[in-house]
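I opened this notebook to record which aromatic contacts and strand pairings could be looked up in the structure. The entries follow in the order of the search.

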Amino acid sequence: MEPVGERSTRVCVLGVTSLLTVTVEEAPDGDPEVHVHAGGQGLWVARMAAVLGADVVVCSPFGGEIGPALLTLAEREGYRVRATPYDGTNGAYVHDRRRGERDEVAHMDPTLVGRHDLDDLFGAVLVESLDADVVVLTGAEPARTVPDDFFARLARDLRAAGRRVVADLSGRAAACAVDEGLDVLKMSHSEMVDGGFADGDALDELVAGARGLIERGAGAVVVSRAAEPTLVVEPDDAALVVTPPVTPVEHRGAGDSMTASLAVGVARGTSLVDAARLGAAAGALNVTRHGLGSGRREQIERYVVEVEVTDLDGDRREGS
């Protein structure tokens, strides 16, 4: 909960490609157990931000046969949904995990978001951002679903309105948004390399790439590195966020938990390194659970003490 007497931290999330997820697990008696959830990067980020105590609204299009069912599931989560029209259809997947690994049974991509639907989504984000402390821009999957300049226009107008913007984008969408200005850009090490932002995934190459993005318009860059420490690069500083190793049940979801924590930290005015520590704790605990973007706030906040911050030369920072 927020401290008594303080209003809730308000977070607005753009979720351009929300999807329906169906996962088959094995029940204790050996029978199939089917789990149906609302998913997609925007909704997973929103779920974790809500877990961390923020008042969250998600702006996302819903349409087709899948849209109504997906919207019903999303509205049962701990965030508010600002649904916009969608002449196409949301995507979906069916995964079978009864053997321990994810076997993809079926996957359906969303259809392209048309220009009129994009206009409605753009307007929804701008209006909902008026009451937000921070706006989170998450990307499209697949990227072709939404034009790259959509993210550039949003970043430009949100910044012009004085909104703080955290983005979890990659490829051309990231490049377009960074050129308009962002407070924080979060990206994985592989996305840094694949997008041409870094020459390789060695630490010095990632630092150089992050500094290049800062010169282009990012206020700071956070690079997740799978099992390696997260890299936090600010204009005059760089550090590694080190989390104790855990045994994963579901390796996905750590990155979205990090993005949500960065957004909540920025909204609350904490340092970026402290926000990244919170994100590392949330991500570590998330991979020990079934369900993406899930967790318990009290567990995450207690686990933060296990997360250390070191300078790039290996010196441990005081207070971390």
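I searched the whole structure and found two aromatic pairs; rings of Phe, Tyr and Trp (its six-membered ring) pair if their centres lie within 6.5 Å, with planes under 30 degrees apart counted as stacked, over 60 as edge-to-face and the rest as tilted. Phe-122 belongs to helix α3 (residues 115-129) and Phe-150 to helix α4 (residues 148-160), 28 residues apart; helices (H or I, at least four residues) and strands (E, at least two) are DSSP runs, numbered from the N terminus.

The model is predicted: local features need pLDDT of at least 70, side-chain atom pairs count only at pLDDT 80 or more, and totals for chains, interfaces and linings use all residues. Residues are numbered from 1 along each chain as its sequence is written, and side-chain values use heavy atoms, with hydrogens and water left out.

I then looked up Phe-150 and Phe-151: the ring centres are 5.8 Å apart and the planes at 80 degrees, so this pair is also edge-to-face. Phe-122, Phe-150 and Phe-151 form one aromatic cluster. Phe-150 is buried at 0% relative accessible area (buried means under 20%, exposed over 50%, partly exposed in between; 1.4 Å probe, protein chains only).

Next I turned to strand β11 (residues 221-225), where five of five residues are buried. β11 runs parallel to strand β10 (residues 184-188), joined by four bridges; two strands pair if DSSP finds at least two bridges between them.
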